[in-house]
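Thanks, everyone. Let me put the structure up, and then I'll walk through it.

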Number of protein chains: 2
Amino acid sequence: MPPVYDLTPGAFSFKPSPVNFNATHQVRNAMQKRLFGLIAAILLFAMTGIAAASDPLPSWNDGAAKAAITGFVARVTDQNSPDFVPVPERIATFDNDGTLWTEHPMYTQLAFAIDRVKALAPEHPEWKTTQPFQAVLENDFNALAASGEKGLLQLIMATHAGMSTDEFASIVSAWFDTAQHPKFKRPYTEMTFQPMLELLAYLRDNGFKTYITSGGGIEFMRPMTEQVYGIPPEQVIGSSIKTKFEMQDGKPVLMRLAEIDFIDDKTGKPVGINKFIGRRPIASFGNSDGDRQMLEWTAAGDGARLMMLVQHDDAEREYAYGPANGLPDTHFGAFTPALMEEAKGSGWVVISMKDDWKQIFAPAK
Amino acid sequence: MPPVYDLTPGAFSFKPSPVNFNATHQVRNAMQKRLFGLIAAILLFAMTGIAAASDPLPSWNDGAAKAAITGFVARVTDQNSPDFVPVPERIATFDNDGTLWTEHPMYTQLAFAIDRVKALAPEHPEWKTTQPFQAVLENDFNALAASGEKGLLQLIMATHAGMSTDEFASIVSAWFDTAQHPKFKRPYTEMTFQPMLELLAYLRDNGFKTYITSGGGIEFMRPMTEQVYGIPPEQVIGSSIKTKFEMQDGKPVLMRLAEIDFIDDKTGKPVGINKFIGRRPIASFGNSDGDRQMLEWTAAGDGARLMMLVQHDDAEREYAYGPANGLPDTHFGAFTPALMEEAKGSGWVVISMKDDWKQIFAPAK
């Protein structure tokens, strides 16, 4: 427990009045106001110092993963360390699905697309007899899986295109306000991993700029990332469809087209990082084969680097899947033995949800 | 002239020692160190206050343009104003060529491409008899102009693709280190407009995030924007060619392909802004028809907005071209009468380089 300080303002015998200015009374009053503001700043500063002295990662068990994080941050932020990195270059990139929030029983965006197909079905009677829509309407997930990548793309285009960017953002926000995770019966925006939220905040407190680099849709994530992760829209990178500038009734809109613009997955992740950020991250975090090239790209830079992979090995508190380490092979977020081998050979750190995390989900809001 | 303050440290009778902590000596010493640090902060803060009281835009003549800027900034930063905008939403976007630096006698990037064609010519004997390369090697700018957009694209692809992103950044940096503007005989990185540099700094001092949104190549600009404009690579949006992730000798590289990825001009500017930033700017700055849709997109948002266009009407100190207002119609950066009419009808502010700017170029470094 940290020592107790008396931090009430009266405990400071700090008097701004004796400051000597060769200036008018008006200016002196303005300067005094500024000094009073600084008393508040001093208190805040002192308290921040105390908070920093306590554990910044309370949901992490002591172990190799936690030590890798705190050791890395200590090295790159210490001006006397050979590994010191200036603040503007402290870029950290995070996959979203399976890394920052849960991705089972299916990607959250797929749950959204399914709900949208059901909501839009009355306007599309032909969907009753057309795959993959029929599969969705009949809750036939085997038929849906059989429709493959092409089928998923059809679902996405039918539900994510044909409206303006503003309209789509409203639809997404409204969905997040009401939709619930089928197993945990909580809003999807609460299916975030508490240890990763602490990690994001810890890195930002140490001068890092935190980015999301997800295979998911950039405009599906942006309406919630600021509130959920403290990550502003301009630090979200994802897959996208094309948009087109149009004038509608004298007002400009960006219409969403049923045409792929960019797939931010696998080899696309370094491409997206280079395109959006223009600098190489010094730390990156993922959980599946889709993150491999992002970690390789991060690792290939000069100086200290941190690459980490979340392994879902906690069937009790969340889900367990691999197929690495003999865990079940499932549809979403494959962590293959080949990725595990590369991680071990390259000094990437594997986080065991079961062993490294005291708590999985963020508390209810 | 501002009043003179005595700002030497001794002028403050600020003593940290009487602070009362219910804590150990060690902790007290740590707290005292923190307080001493804050004395320095107070001095800095006081001096910043003084600096802010002086003119933040000294290279701007008093007039409608300068008043539009300072009035807008006052409204959106005053918490008691109905036009107040929270810091994260203070996004300002700037065209580059002709808005932040000179674009005549040709776009800087075209000068780079021409120099690269000449440098690479020994490896390409066929260029001696193939347009548009022959035109470049023979300095025949009429033939080059006749090759049109297709010819320019060929030049760009021959000089901007086929190497890794790291290699291209090195080539660009080396070129900027030595190349000179043909008329002013100064490095291109000094062909920036001093009033616009002051505007960028003024906006950032008031909590704005400043972005470049240029039709020029994103990877051509990024090697110099931080040093030249104080704009980091992640706040540069521009046109791009595709890149491809590859492993070369076990090391990942991003190879630049001879294939257009995105054209950040005209209707592409709002598309790029939405893609990279995900928020609508509240202020935007351009100088030509290529910026029209960016200004329309900015203007269409709710709340206070500032849209400005630089008019090049100073043949003596820089260049004069339109064709708006009867100025010469040239190859680069057309400001058409239609744009002028829209600006007047929409309350966009036109900056006259001749009348509004005391000084055009940044001083030599």
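Predicted model: local features only at pLDDT ≥ 70, side-chain atom pairs only at ≥ 80, totals over all residues.

Start with chain A. Its open sheet has 7 strands, in the order S4-S3-S2-S1-S5-S6-S7, and the pairing is mixed. Which strands sit at the edges? In chain A they are S4, residues 251-262, and S7, residues 349-352, and each pairs on one side only. From one strand to the next, the twist averages 30°.

Now look inside that sheet. Strand S5 of chain A, residues 283-286, runs parallel to strand S6 of chain A, residues 306-311. The two are joined by 4 bridges. For a landmark, take A:Gly286: its bridge partner in S6(A) is A:Leu309.

Two helices of chain A go with this sheet. Helix H11, residues 292-299, packs on it. H11 touches S1, S2, S5 and S6 of chain A, and its direction makes about 165° with that of S5(A). Helix H9 of chain A, residues 218-229, lies across S2, S3 and S4. The angle between H9 and S3(A) is about 115°.

Over to chain B. Here too we have an open sheet of 7 strands with mixed pairing, and the order reads S4-S3-S2-S1-S5-S6-S7. Why does one side of S4 and of S7 in chain B lack a neighbour in the sheet? Both stand at the edges, each with a single partner strand, so one side of each is left open in that sense. The twist averages 30° from one strand to the next.

At the S7 end of chain B, S6(B) and S7(B) pair in the parallel sense, over 4 bridges. One pair to find on screen: B:Val310 has B:Ile351 as its bridge partner in S7(B).

Next, helix H8 of chain B, residues 194-205.

Where does H8(B) sit? It lies across S1, S2, S5 and S6 of chain B, at about 165° to S1(B). Just after H8(B) comes B:Gly207, with a positive phi of about 85°.

Now a helix pair in chain B. H3, residues 108-120, packs against H6, residues 148-160, at an angle of about 60°. Their axes are 9 Å apart. The crossing of H3(B) past H6(B) is left-handed. On the H3(B) side, the contact includes B:Leu110, B:Phe112, B:Arg116 and B:Val117. On the H6(B) side, it includes B:Leu152, B:Leu155, B:Ile156 and B:His160. By type, the contact residues divide into 9 nonpolar, 3 polar and 1 charged.

Last stop: B:Gln293, in helix H11 of chain B. Buried or exposed? B:Gln293 has a relative accessible area of 7%, so B:Gln293 is buried; the cut-off is under 20%. Which residues does B:Gln293 touch, leaving out those up to four places away in sequence? They are B:Lys266, B:Thr267 and B:Pro270, plus A:Phe245 from chain A.

That's the tour.

Note on methods. Residues numbered from 1 in each chain as written. Chains lettered and ligands numbered in written order. Heavy atoms only, no water. Pairing = 2+ DSSP bridges. Axes fitted to C-alpha atoms, helices over the stretch in contact; angles between N-to-C directions. Contact = heavy atoms within 4.5 Å. Left-handed = near helix turned anticlockwise from the far one by under 90°. Nonpolar A, V, L, I, M, F, W, Y, C, P; charged D, E, K, R; others polar. Buried < 20%, exposed > 50% of the residue type's maximum accessible area, 1.4 Å probe, protein only.
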